[in-house]
Amino acid sequence: FSISTYNKMWADAQKDLDIQLQREKEEFLQPEKDRVKVFKMLATSYINYIQIFRNLETAHDQLVHWQKRAAIRQVLDGVIGRILEMKKEMVELENSEFHYFDDILIELQLLPEDIEIPIPRYFIKENLAVLQQRKKTLDQILLNAGLQTQEPVEATTSEEAIKVIQVAERAHQGRHQAAFMKQTYLEEKRKRQTKLQVQMGLSPDDAATCIQKVWRGYIQRKKTEKMREEEMIFLGMSLPPHSKATSISQMHAGQVNALQGELQGRHEEVFIKEKLREMEGPDIKKTLQDQISQCFIEHWHIIGKFPDYPTKEAGGSTAILSQKTPEQVAAELAAEKEMALQKEAQKRNKGKEEGKGKMKGKNPQKTGKNVRHPAEEGWKMAPSNFLSILEEGSNQYKAVWQNRDKRWDFLQDHDPELIKEEKREEIEEEIRVQVDELMRQELENLKLAVDGERSDKQKKGRKKVRAAMMSLIRRTIDSLYRELVEEGLLVKAKTVNLSDYVGKYSYLGSTLLQLNIEPTPSLAHVRQLIALYGILPLGSQTVHEKAPLVKALLLAGPAGVGKKMLVHAICTETGANLFNLSPSNIAGKYPGKNGLQMMLHMVLKVAKQLQPSVVWIGETEKIFSKAMPKAEEVEEMNPKRLEKILPIFLQALKAQDRVLVVGTTSRPFNANLKPFCKVYQKIILISRPDYTSRYGKYFLWKHIILQNGGVITSSLNISILAKLSSGFTQGHIVQAVQAVLSELRLLQMTRKPLKTDEFLTSLARHEPVYKEEEETFK
């Protein structure tokens, strides 16, 4: 595809986005009581956003223009966040994580594959160098610790090596001899022709043919050059003749710029930033100082004392100003003072009312007044954190890129004005940090000079530093990373893509729901939920901070349905670190309560610093087991040692921390459900594969057989295998196929094709998942 194709794809996606935003303004503002209509509106918007997401992701991946990619990236984050918000609304509406859009897909003339959640490729591409270096470091630590061995190199024998050298040398001599004989033959032929021409002379026909040959070649080359030039002008890769007023040096500079556009754009970006810092930096610094000083004075006049300067972590002067004028700041401070007085009055009145309530024997908190009934008022869409991002991206496209793409812009050059707007914000932020240091000291001087206050900040700071020194050992991230790897808590994730978790969409979901039958979730639904709750938030910082926050995810299902594979897929698609805190893995490590706290502190610190990260807890039901541990059991071997501290670990995770806790369990019914469900916000049930997933084209049976080197022939009936493997999981099928396709069997396959009964015999050795066990999961 050409660049214009992806520009058009971007334009079409922006047009669809504008239509969707307008549709939301018309439909989602008014309350709606009909649940069926509400779900249809949400599902339609959800599907439309997925289509926009797919087109934007493709355009972002293929376009070279880095400013366009930044603009698309902004809209992409907004679309991803809006998809997650729509998903949250549908879950709350139906009280289910699994939704079925069969009738809506038919109405929109779409296939189930069209609503597959794509994994943005920039998750890995933008951090490829960091991920490669991290992988290299991890391999080296594992190798030094003896936890990983180098891949063995198969050594050849002397006879085999001599044979290979002989074959290569004979082939080289043969090619050399053939080239020599060809050259000798051509020289002899040329000599014979020359001798014959000298004896006979050149005929007029031969002379005319020779002249025609030269002339026709010359004319054809001219025509070809002209056609090529016209084509280059048509494609936008060359300027028209009337525009070629530049010198040869300028044309050469343009060619170099086309080849190294992005690199030069970056140099231009640095140049513009330095120029802005020189021209506008002093004015920005003076403006910030004036605003902060005015804020101090207004606060002193209204409250009666100077405010405490926010710390760097709290935002510094940004938290004070919030981009507001001094008048707005003064109004907010007055409102805060009024609010404080009202709270004090409410506390006094509350004490009197509680006394009266006790005398009357009534609970004033359970009067039943002012209770909002959503069912009576009707459903209404919750406020969004991403609509402003989408509208801003849409306005930017209309103001900048829509008109720009209509002009002559084949070279995909950068826009200096956009760079100025972006760099102006960066310069202001850098200057703000310097101003904060100056104004913080000025505030201390003001307090001492005007209020006579003695700041206790330095004393408190010393106490905090001493407490930190006493409780924590100051260590670098590299040393903590190395220790976690050596202890086996930070493990190497397997390279598994989410697309490798094959499974077909369930086509009977809506039909079964109409018959009041709860359909079994398909593997495609599971794959979609993993992308929504695991991969998309971890891959984007903006999405993780503003989207509905999911800190912990539980994958529940029988053994062999691919729970561990999905954990590794999340790490592969996002480049996340994988921490293994399974009870069996931490047994005997970091004994005692202090040791456990130290371990989790190390994991939390490294996971936050090197985010994204995934904390995997296998057999997580043992942590919340109903059975009480034996008295004589050693504390550090007790799987329940994480039960009380795990909620604290989750509380330490904030929206800006791209850290996801993923638990896997094959026996969730053995856990105490109240604390179990309190830890895991989202629970995804993974059932055994249905018939369509086992039989569909390149799904399960076909996919696994081909993956292990097998060949599908007419002797192998996949339909029978899919039918008779009902009740067996993906793991059972993989084990059965691997047992049949041994090295010897693969060698025999050319003369002895694979047969159905071979796999059935191997599959029969495994115990299936019975219906009673599957119902227990539900």
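I counted a salt bridge wherever a side-chain nitrogen of Lys or Arg comes within 4 Å of a carboxyl oxygen of Asp or Glu. On that basis I find 20 salt bridges in the structure. A reminder to myself: this is a predicted model.

**Entry: charged pairs**

I looked up E107 and found its side chain in a salt bridge with that of K40, at 3.3 Å from N to O. E107 sits in helix α4 and K40 in helix α2, so this pair ties together parts 67 residues apart in sequence. E107 is exposed at 53% relative accessibility, while K40 is partly exposed at 40%.

Next I checked D657, whose side chain meets that of K608 at 3.4 Å, N to O. D657 belongs to the loop between α24 and β5, and K608 to helix α23, so the pair links parts that are 49 residues apart in sequence. Is D657 buried or exposed? I read 8% relative accessible area, under the 20% cut-off, so D657 is buried. K608, at 26%, is partly exposed.

I also noted a network of salt bridges that links E57, D61, R121 and K125.

**Entry: nonpolar packing**

The largest nonpolar core has 81 residues, and Y46, V79, F101, I530 and I684 touch the most other members. Helix α2 gives the largest share, 13 residues. Where does this core lie? Domain 1 and domain 2 both contribute residues, so the core lies between them.

A second, separate core has 41 residues, among them Y481, I623, L642 and F649.

Terms used. Residues are numbered from 1 along each chain as its sequence is written. This is a predicted model: local features need pLDDT of at least 70, side-chain atom pairs count only at pLDDT 80 or more; totals for chains, interfaces and linings use all residues. Side-chain values use heavy atoms; hydrogens and water are left out. A nonpolar core is a set of buried Ala, Val, Leu, Ile, Met, Phe, Trp, Tyr and Cys residues joined through side-chain atoms within 4.5 Å. Buried means under 20% relative accessible area, exposed over 50%, partly exposed in between (1.4 Å probe, protein chains only). Helices (H or I, at least four residues) and strands (E, at least two) are DSSP runs, numbered from the N terminus. Domain bounds come from an automatic or database domain assignment.
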